[in-house]
Every structure is written in structure tokens, then in C-alpha cells.
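Subject: A structure to look at, with notes

Dear colleague,

Here is the structure I promised to pass on to you.

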Amino acid sequence: MAPLKIIGAGMGRTGTDSLRIALNTLGYNTHHMKTLNEEGGRAEMFTKAYEHPEEAVDWDYIYEGFDAAIDWPTCAFVEPLMKKYPDAKVILTIRDPDSWYRSMGNTIFRKHEDLKIIPETPRKRMARRIILDGAYHVPGMFEDQEAMKEKFIQNTEWVKKHVPEDRLLIMELGEGWERLCKFLDKPVPDVKYPHVNTTADNHRYTSQVAKQIREAQEAATASAV
């Protein structure tokens, strides 16, 4: 379906999953960490593009089937994607840096810690490498609160500086349909704006996955005896 019509410049935990559902409601097919297509080596391609930005990337192949892309890993490639898709609009989702850091620590960072028992996969390696420049892999890196918040602030400032105003929408966490639909020239849907992927949702998901993995490991051990 590429080329992309929408590029999301906001980091995770800024309402990106709610935005994903909102964009899909408006008729887009939205790429997100939750909907990343791993087939055909795409996760490995994201990792390679991050580690070797000087090399050419087949973005049309990576985003095949999607016309909007937000959240990680997309937000780590805003500059090359803007050049590749010059007609695409850019949406920057933001929130207070202190609130963002707390949310990251209570969800994504906790998830990575709790689910270390999951076997290594290309998707897992990609997330570990790209999210916050490897903050979940380098010991002590995420715990440096001021450095992490500075990364968040720098991302916001870069986008404001380099994305033309007519291509950019800055959405605060908790906004609804009005400005988004006006920016995209879409009618406002007759449904409530989504509110998903809360901290509580993340905790339930992590607990369920960890339980399933433990049960599978216990069953495998029992059958081997």
C-alpha cells in the first residue's frame, strides 16, 4: 500500500496506540510496534537501517501494506522517511517529559525486564536496539532519568525545527478527533476517540504472557522427565 501518507514522529507512551486505532478508523492501515510485519526480514531491515544509516533502504518493501506509520520503530526514521515520502504528513504526539518517563518505566521498560525469558527474535533485537538508542539493553542507561527525558525533549525539538508547519500536527496526550480530522481533511467519526494501552492494560498483558511462557516451560520440562 505504501507510499506512506502519514509519518508518526512521537515516541511510544505518547498515545500512539490510541492514534493507531484512530487512524484506522479514518480509513488508514497503520504500522505500529503492535502491527509490525516481521515477514521477509523486515525487523532485521529496521535494525540494519538504524545501525547503518548511510546505506540505502527499501522503505516501500518495509511498509508494504501500510499507508500510515507511527510509534517505534518509525519514529526513529522520521528524517529519511520525510525525504522518501515528501507528500506525507507528520504527526508528533507529545506529553509532559516527567509523565512520559514514569509511563515508560511502568510499561515498556517493565515489560522488557519481566519478559526477558522470551527467546531472542529479530523483532526483540530490533526493539532492544532502536528504542531510546538501546536503553533497555545497556545496564543503567534507562535509569538515568534526566538523560532519557532529554532524548524525549530533543526529539520534540528536532521535529518542530525540521518539519514544515503545513506538514506537521502536534498532538497532546488526551486530545480527541477535532484537530486530527481537520489536519487530515477527514470528517469527524461518530465514535469516541480511542483510549487504549494504559499502564493497567500493559501490566495485564505482561502478566498473561509471562504466565503462558512459564506454563509452557513447565509442560516441556514435565514431558522430558
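Serine 18 counts as buried because its relative accessibility is 7%, where buried means under 20% relative accessible area, exposed means over 50% and partly exposed lies in between, computed with a 1.4 Å probe on protein chains only. This serine 18 sits in helix α1 (residues 16-25); helices here are DSSP runs of H or I with at least four residues, strands are runs of E with at least two, and both are numbered from the N terminus. Leaving out residues up to four places away in sequence, serine 18 touches Tyr193, Pro194, His195 and Val196, a contact being heavy atoms within 4.5 Å. Serine 18 and tyrosine 193 are 175 residues apart in sequence, yet their C-alpha atoms are 7.8 Å apart in space.

Before going further, please keep in mind that this is a predicted model, in which local features need pLDDT of at least 70 and side-chain atom pairs count only at pLDDT 80 or more, while totals for chains, interfaces and linings use all residues. Residues are numbered from 1 along each chain as its sequence is written, and side-chain values use heavy atoms, with hydrogens and water left out.

As for the whole protein, its secondary structure comes to 10 helices and five strands, and of its 225 residues 43% count as buried. Among contacts between residues at least 6 apart in sequence, 76% join residues at least 24 apart.

In which order do the five strands lie in the sheet? They form an open sheet in the order β2-β3-β1-β4-β5, with parallel pairing, and two strands are said to pair if DSSP finds at least two bridges between them. In general, strands of a sheet pair through backbone hydrogen bonds, either parallel or antiparallel. The edge strands, β2 (30-31) and β5 (168-172), each pair on one side only. Strand β4 is joined to β5 by five bridges, and among the partners across this pair are leucine 92 with isoleucine 170 and isoleucine 94 with glutamate 172. Strand β4 also pairs with β1 (residues 6-8) over three bridges, again in the parallel sense, and here isoleucine 7 stands opposite valine 90. Five of the six residues of β4 are buried, so that this strand is mostly covered.

The largest nonpolar core has 43 residues, and those with the most contacts inside it are Phe46, Trp59, Trp72, Met104, Leu132 and Phe142; such a core is a set of buried Ala, Val, Leu, Ile, Met, Phe, Trp, Tyr and Cys residues joined through side-chain atoms within 4.5 Å. Several elements give two or more residues to this core, including α3 (59-62), β4 (89-94), α5 (97-106) and α7 (122-130), and the largest share, four residues, comes from α2. A second, separate core of 17 residues includes Tyr28, Cys181, Phe183 and Tyr193. Returning to phenylalanine 46, its contacts beyond four places in sequence include His31, Trp59, Phe77 and Ile130.

Proline 86, in the loop between α4 and β4, is exposed, with a relative accessible area of 52%.

Finally, there is the second largest pocket, which has a volume of about 620 Å³. On a 1 Å grid over the protein atoms alone, a pocket is an open set of points where a 1.4 Å probe fits, with protein on both sides within 12 Å along at least five of seven lines, and lining residues have an atom within 4 Å of a point. Grid points are joined across faces, edges and corners, and a volume is the space filled by probe spheres set on the points. This pocket is lined by 24 residues, of which Tyr50, Cys75, Ala76, Phe77 and Val78 lie nearest its centre. Helix α8 gives the most to the lining, with five residues, while α2 (42-51), α4 (78-84) and α8 (145-162) each supply at least two. By class the lining has 16 nonpolar, three polar and five charged residues, where Ala, Val, Leu, Ile, Met, Phe, Trp, Tyr, Cys and Pro count as nonpolar, Asp, Glu, Lys and Arg as charged, and the others, Gly among them, as polar.

With best wishes
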